[in-house]
Amino acid sequence: MKEMFKVKVNIQPYTLNFKFDAGTSRGVLRKKETYIIGIQSDTFRGVSGLGEAGPLKGLSRDDRPDFMSKAKVIIEKVEGLSFAEDWQEILLAIQELPQIDELPSLRFGLETAFLDLIHGGKRKIFSCGFYDQRQAIPINGLIWMGGKKFMQEQIEQKLEDGFDCIKMKIGALDFDLECQLLEMIRNRYSAKEISLRVDANGAFNLQEALGKLNILSQYDIHSIEQPIKPGNTAEMAYLCQHSPVPIALDEELIGVTHVNDKRALLEQTKPTYLILKPSLLGGIAATREWIDIAENTGIGWWMTSALESNIGLNAIAQFASSLMPTLPQGLGTGQLYHNNFSSPLTITNGSLTYEPQKPWSIPYLFPSGFQ
């Protein structure tokens, strides 16, 4: 018979401050509000499990003014339950919590805090090559929108840092300028040397999308994320069928929670890739559903952080590593903030690694007794 345990949960808001004005097609980001979750149990004395719930403003289902009050109601339910020391049973118990689907990032934060706790509070979420054997995860170097000089400087820095996969956000600036920047890279590096991804964040309108995709194809683009706004399923299916640039669905996946609806969306649109953000999709179990469907239908995928701190980024990196991905992941956002938590996460030569000699440093967010 499995031993059961109960927990005490604490949640605290934390504001992450960007090092620069981070431009996207949805506006400029200067700060990110997130929530750090701590879990303790008498069964695991002297340690705490940490997780992160990080809604994205204007995008997440749980970007709502009553997030904290809703979260506390769910946390009360969690504290009233007993859990088996089995990670799959824990995920199932969290999945069945009332109203948890309304707060997908909270679900992810609870899942990862529990997994950290049962692994000894060492910030280990999964047994995986990334954590256990220090295996590097290849990642894309992200280029934020801004002035031409700012974007050129970012590109040069990413190339100097050894990235062989570059992702550029497009859609808010002059399209000709964006193409000039892509051409600048292509004139120096072939597609075999540097893989180019672009992310439109739904910025193209339906009438212009295919024309712009044809222009982008001149630069041997690996893929484009979400060329049009989500919810235009028939139009997206048409683009996926006719685009000369492989299409990856991103925002299109948000809010699709039932496994049959997930399957129906992919069967109708037939994208080449999926972009998976666990904080937006409802956590580990929900993201695994997308992956299972994608792999059964020949659709590729990679995982991407959603501007989390290093706490959330660490969890996503270990989750991705546990699935042995074959494509570069989107896990480089830890360098964005002035006040991120110090951690073993290190980016070298275009890859993310876990260096245990670099300790975690988490400020005193929680009441006495939380570590």
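Contact here means heavy atoms within 4.5 Å. Helices are DSSP runs (H or I, at least four residues) and strands are DSSP runs (E, at least two), numbered from the N terminus. This is a predicted model, in which local features need pLDDT of at least 70 and side-chain atom pairs count only at pLDDT 80 or more, while totals for chains, interfaces and linings use all residues. Residues are numbered from 1 along each chain as its sequence is written, and side-chain values use heavy atoms, with hydrogens and water left out.

In helix 8, the residues T233, A234, M236, A237 and C240 meet L265, Q268 and T269 of helix 9. By class, this contact has 5 nonpolar, 3 polar and no charged residues. Nonpolar covers Ala, Val, Leu, Ile, Met, Phe, Trp, Tyr, Cys and Pro; charged covers Asp, Glu, Lys and Arg; the others, Gly among them, are polar.

Helix 8 spans residues 233-242 and helix 9 spans residues 259-269; their axes come within 8 Å and cross at roughly 50°. The axes are lines fitted to C-alpha atoms, for helices over the stretch in contact, and angles run from 0 to 180 degrees between N-to-C directions. The two helices are therefore oblique to each other, a class left after roughly parallel (under 35 degrees), roughly antiparallel (over 145) and roughly perpendicular (65 to 115).

## Two residues with positive phi

Most residues other than glycine have a negative phi. R134, not a glycine, has a positive phi of about 60°. R134 sits in the loop between helix 4 (129-132) and strand 6 (137-138). With 34% relative accessibility, R134 counts as partly exposed; buried means under 20% relative accessible area, exposed over 50%, and partly exposed in between (1.4 Å probe, protein chains only).

L307 is not a glycine either, and has a positive phi of about 65°. The loop that holds L307 runs between strand 13 (300-303) and helix 12 (310-322). L307 counts as buried, at 9% relative accessibility.

## The cavity

A search of the whole structure finds 1 cavity of 30 Å³ or more. A cavity is a set of points, on a 1 Å grid over the protein atoms alone, where a 1.4 Å probe fits but cannot get out; lining residues have an atom within 4 Å of a point. The largest cavity holds about 40 Å³ of space, where volume is the space filled by probe spheres set on the points, and grid points are joined across faces, edges and corners.

Its lining consists of L50, T112, D116, R123, I125, I311, N314, A315 and W360. These residues divide into 5 nonpolar, 2 polar and 2 charged. Helix 12 gives the most to the lining, with 3 residues.

Note on methods. On a 1 Å grid over the protein atoms alone, a cavity is a set of points where a 1.4 Å probe fits but cannot get out, and a pocket is an open set with protein on both sides within 12 Å along at least five of seven lines; lining residues have an atom within 4 Å of a point.
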